Amino acid sequence: MIGVSLPELEATIKILDEDIAEAEILLEEREFIAKAATGINRIADRLTPKLRRVFLATVKQFQNGLSLDDLITAIHSKNANNVIRHLNLDKFAKELGVTGTVIQEAFNSAGKFAAMELTRDAKITTSFDLINPRAVDYGARVSGALIKDINSGQLDAVRALVEDAFVSGVPPRETAMRIRDVVGLRDKQVEQYQKFRDSMEAQGIGADIIDQRAEKLAGAMIRSRAETISRTEIMDSANAGQAELWMQARENGLIDDRRTTRKWLIGPSACDEICAPMEDQEVGMDEDFETGEGESIGRPPAHPRCVCSMRLVIKR
C-alpha cells in the first residue's frame with residue numbers, strides 16, 4: 001500500500017478485525033435464533049398431526065356411538081334439555097381427555113430442548129425437572145381447560161340448533177342427523193352448516209343429496225377445527241415448556257434477570273398484522289410483549305395457528 005504509513009496500516013487492520021469480529025457475533029446470534037425457532041417448530045411439526053389425529057378419532061368415535069333412534073325419540077319430546085341430555089356431551093368431554101397426553105409430550109419435549117439449548121449455546125448446565133409441581137400435571141390442566149371450552153361452545157351450538165329445528169319444523173330424523181354432524185364444531189361453524197342445508201332445501205334439492213353434501217361440509221369443517229386446535233395447543237404447550245425450563249433455571253440461580261431478556265422470534269409464516277411487527281422484540285423476563293395490534297401478551301402464541309417462539313438473550 002504505497003503512501004500509507006505503518007501506524008495507518010495497523011489502524012486499518014484493527015478496524016477490519018473489529019468489523020470481522022462483529023460480523024461473526026451477528027452470524028452466531030442469527031444461527032442461535034434459527035436453532036431456537038426451528039427447535040420449537042420441529043416439536044410442533046412432529047406433534048401437531050398426532051394431536052389432530054387424536055381429536056378427529058375422538059369425534060368420530062363419539063359420532064359412531066350416538067343412537068339416532070334415541071335422539072329422534074328425545075326430539076319428539078320437543079324439549080331441548082331432554083335432547084341434550086340424550087346427546088351426553090359429558091361423555092364426549094371425558095373421551096377428549098386423551099388429548100392431555102400429547103399436550104404433556106409437547107411441554108416436556110420443549111423443556112428438554114430448552115435445557116439442551118442453554119447448555120450448548122449459553123454454557124449453562126441444567127436439565128428439565130419433570131416432577132416440578134408446575135410441570136407434572138401441565139397436560140391434564142391444559143386439556144381440561146380446552147375440553148371445558150370446546151364442550152361449552154358445543155352445548156350452546158347444539159341447543160341453538162335444536163331450538164331452531166323446533167321453530168322451523170325440521171323433521172326429527174333430519175334434526176338428529178344435524179346434531180350428529182356438528183359434534184366438535186364451533187358455534188359459527190354450526191351456523192354455517194345450518195345455512196348450507198337451508199339453502200339447498202330452498203333450492204328444492206333432494207333430502208338424500210342434502211344429507212351427503214352437508215355431511216361432507218361438516219367433515220371439512222371438523223378437519224379445519226382439528227388443525228386449528230392442534231397447531232395452537234401444541235405451540236402453546238411447547239412455548240410453555242420452554243418458559244418453564246427458564247423459570248426453573250432462574251429459581252436455581254442459573255439465570256440473572258438483570259442480564260437476561262426474552263426475544264420474540266417470528267415463524268416462517270408469521271401474520272403481517274400481529275406477529276411480523278414483533279420480530280426481534282426484546283422484553284424482561286417478567287415483562288409482556290406488545291403485538292402489532294398494540295395488545296400485551298406474555299409469550300407466544302399470539303393468535304390461533306401462530307407459529308412464533310422465543311429465545312433468551314443473555315448479556316455477558
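The model is predicted, so local features need pLDDT of at least 70 and side-chain atom pairs pLDDT 80 or more, while totals for chains, interfaces and linings use all residues. Residues are numbered from 1 along each chain as its sequence is written, and side-chain values use heavy atoms, without hydrogens and water.

Start with the protein chain, coloured by secondary structure. There are 10 helices and 5 strands, taken as DSSP runs (helices H or I, at least four residues; strands E, at least two) and numbered from the N terminus. Of the 316 residues, 47% are buried, meaning under 20% relative accessible area with a 1.4 Å probe, protein chains only.

Next, select Phe-107 and Tyr-138. Their rings are stacked, 4.1 Å centre to centre with 15 degrees between the planes; rings of Phe, Tyr and Trp (its six-membered ring) pair if their centres lie within 6.5 Å, and planes under 30 degrees apart count as stacked, over 60 as edge-to-face and the rest as tilted. Phe-107 is in helix α5 (residues 99–121) and Tyr-138 in helix α7 (residues 138–168), so the pair ties together parts 31 residues apart in sequence. Both residues are buried.

Now select Phe-55, Phe-92, Leu-118, Ile-179, Trp-246 and Cys-275, which touch the most other members of the 79-residue largest nonpolar core. Such a core is a set of buried Ala, Val, Leu, Ile, Met, Phe, Trp, Tyr and Cys residues joined through side-chain atoms within 4.5 Å. Helix α10 (residues 207–251) gives the most to this core, 14 residues.

Technical notes
Buried < 20%, exposed > 50% of the residue type's maximum accessible area, 1.4 Å probe, protein only.
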